[in-house]
Amino acid sequence: MPERLAEMLVDLWTPLTILWITLPPCIYMAPMNQSQVLMSGSPLELSSLGEEQRILNRSKRGWVWNQMFVLEEFSGPEPILVGRLHTDLDPGSKKIKYILSGDGAGTIFQINDVTGDIHAIKRLDREEKAEYTLTAQAVDWETSKPLEPPSEFIIKVQDINDNAPEFLNGPYHATVPEMSILGTSVTNVTATDADDPVYGNSAKLVYSILEGQPYFSIEPETAIIKTALPNMDREAKEEYLVVIQAKDMGGHSGGLSGTTTLTVTLTDVNDNPPKFAQSLYHFSVPEDVVLGTAIGRVKANDQDIGENAQSSYDIIDGDGTTLFEITSDAQAQDGIIRLRKPLDFETKKSYTLKVEAANVHIDPRFSGRGPFKDTATVKIVVEDADEPPVFSSPTYLLEVHENAALNSVIGQVTARDPDITSSPIRFSIDRHTDLERQFNINADDGKITLATPLDRELSVWHNITIIATEIRNHSQISRVPVAIKVLDVNDNAPEFASEYEAFLCENGKPGQVIQTVSAMDKDDPKNGHYFLYSLLPEMVNNPNFTIRKNEDNSLSILAKHNGFNRQKQEVYLLPIIISDSGNPPLSSTSTLTIRVCGCSNDGVVQSCNVEAYVLPIGLSMGALIAILACIILLLVIVVLFVTLRRHKNEPLIIKDDEDVRENIIRYDDEGGGEEDTEAFDIATLQNPDGINGFLPRKDIKPDLQFMPRQGLAPVPNGVDVDEFINVRLHEADNDPTAPPYDSIQIYGYEGRGSVAGSLSSLESTTSDSDQNFDYLSDWGPRFKRLGELYSVGESDKET
């Protein structure tokens, strides 16, 4: 009976409202899953019963559910009852107080501390928080002491379908090749539902297409989009918009839905051949157009794009396949016809070409649709133009001997007017290519003549340019290069290749080779040089030397005997005749100088001078040269030392006997006493030019000759000495010829108010006879003797 009652209670459990159920004491033994209930209770007082009664009447426990449920998004006028807590210790006397703590206690969930009812006072959202863990405890109402240990339980928020599916990555874009077969996968999409995927069908999604049929289809569960029609053509329609819906509740009525868009673009494949816009093209071109010039363009249109539309152009037939070429323009996707060889209106006036355009990248899947190429006809008309003269050859090579006579014809150039009018041609030489005017040309027939003599040894080649001009139209000119090669004639005699000087040892042996010489010839014979050597006829029987021709076209000079002595003869001159093999042969005589020298036993030359015999034994020529160099160096050092000392002792002041210098007299006088307050006025002695930063150089005699100063007239005794000194100072500073050139002028100025006056000679007149010294006797006893001397002098002069 107790087990059956517990099963009935479980079946009657509903998540809408959780009630506390107090079970009779007799069913505490019910075999219920302890993970679903919490036990609470208090021990009973034990009575004095038997042992069996004592065991059966132990403390009662009350069983409670450890999980409660509440619907999310529930909103009503009053708080929703979640469940009720109750303990067997509560006899209904309201002495027990229920306390709730944990997640949301007091803010989301409230408990009636008397009845134990738990209410949700706020609207719950499972997507924000799915469950709450709380702790309940029964305490004494008055003392707040716990009556039992705290019990933990969970309140779960039960999900309802309140969230619609969402496509988080939408809108979507996808591509699929055109002409794809039926069922080709395009892409897949994914929607999410925030509802509980475990409880009910709130998060079970089903996909469908609202727009985009019949071109595409979608798998309801996997959301894979596929093509629903085969061979969709990009050229017909390139882009499709598909609207996709995701619906929860398994797609049943009442479910929520969300939509997104998918843009499907068909990518291009090469399924279209190129096609010329017209079958016949007409172009015209002047006959004088420059090679490589674009004559015209042809284009084959292709409905494909990108590399699938690229076409290559070729000339496959026609009468101008060698004169014209066609190239492909990758940007404009057209063919450019260019001139390959020169045109001639007088020869042919029109050409017909067959041009083909073919796709570069061919898709073998569509090769059955026919050849991916097309052809068109191109007609080119040549227009007449006034062409410049045409030479018979693009270049000319002329040869002339270097001894050719002046005004002789060395060659000829010819040119013609290719036009029908056939204008006469006039020839000339571009003088920029013939600056020395060595050649001339006949203006009518183009014959080139020699104007100055040629020398192959100076220049073998001469490159000139000939100009041909139409007489009727001087703007039509042509140029042609002419290379003139100067041919060699035997006009240079052979000679020694260099200046040779032979050395013969006194202790040499007969037949010894003294020197080997070679010859050179400025001419250039076809078969190379071959020289003949011989001695002068009068020296054929030379007693001292002989010659021998070598195979390498050189000559060896040999000594006939030994015992040469440089005391007897130091130098021998040996004339040698050198002849070439030209026609006629030319020859010259070159003289070889042979010196007799002293040699060591090994034949090493030591000295070639006669004076070497009088030198002390043991001194070589190198030692003598070193000694001589040291002596010369010492002499140079001595001369430089003496010159520097003389230069150092020369005074800077130029001594000129005719120079008249002023005498500078310095007086060590005591001054004028208390009244002499300006005796040392330095301002009167300053150079005005020195104040301005300019001082004339006085260490050398100036080149300018200053005009001589006018002699100053005698000044009275009462003249202002200060003014006098300033005047003289100004003259000295501005006179470049006035001495001294490296000295300072010092003036002893006693100042104003002195009884004695000035003793300076600056106020003196030009002659002593003009001076009156009577005033010296008035100066006192100290100047009495001086006055007598000057008075005696004057009386003597008068006598």
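1. Where is G251 found? This is a predicted model, and in it G251 lies in the loop that runs between β15 (239-247) and β16 (257-267).

2. Is G251 buried, partly exposed or exposed? G251 counts as partly exposed because its relative accessibility is 33%, and the partly exposed class lies between the limit for buried, under 20%, and that for exposed, over 50%.

3. The model contains an open sheet of 4 strands, and their order is β18-β25-β24-β21. The pairing in this sheet is mixed. At the edges stand β18 (280-286) and β21 (311-318), each of which pairs on one side only. On average, neighbouring strands of the sheet are turned by 30° against each other, direction ignored.

4. Within this sheet, how do β18 and β25 pair, in the parallel or the antiparallel sense? The sense is parallel, and the pairing of β18 with β25 (residues 373-383) extends over 7 bridges. A reader who wishes to locate this pairing in the structure may look for P286, which stands opposite E383 in β25.

5. For the protein chain as a whole, the secondary structure comes to 6 helices and 43 strands. The chain has 799 residues, and buried residues make up 34% of them. Of the contacts between residues at least 6 apart in sequence, 67% join residues that are at least 24 apart. The accessible surface of the chain is about 49,200 Å², and carbon and sulfur atoms account for 53% of that surface.

6. The confidence of the prediction deserves a separate point. The mean pLDDT of the protein chain is 77, and 75% of its residues reach 70 or more.

7. Which stretches call for caution in reading? Over residues 611-617 pLDDT stays under 50, and the model has 6 contacts beyond four places in sequence for this stretch. Over residues 697-701 pLDDT also stays under 50, and here the model has 13 contacts beyond four places in sequence. Where pLDDT is low, predicted coordinates should not be read in detail.

Note on methods. Residues numbered from 1 in each chain as written. Predicted model: local features only at pLDDT ≥ 70, side-chain atom pairs only at ≥ 80, totals over all residues. Heavy atoms only, no water. Pairing = 2+ DSSP bridges. Helix = DSSP H or I, 4+ residues; strand = E, 2+ residues; numbered from the N terminus. Axes fitted to C-alpha atoms, helices over the stretch in contact; angles between N-to-C directions. Buried < 20%, exposed > 50% of the residue type's maximum accessible area, 1.4 Å probe, protein only. Contact = heavy atoms within 4.5 Å. Areas by Shrake-Rupley, 256 points an atom, 1.4 Å probe, with all protein chains shown as cover. pLDDT = per-residue confidence, 0-100.
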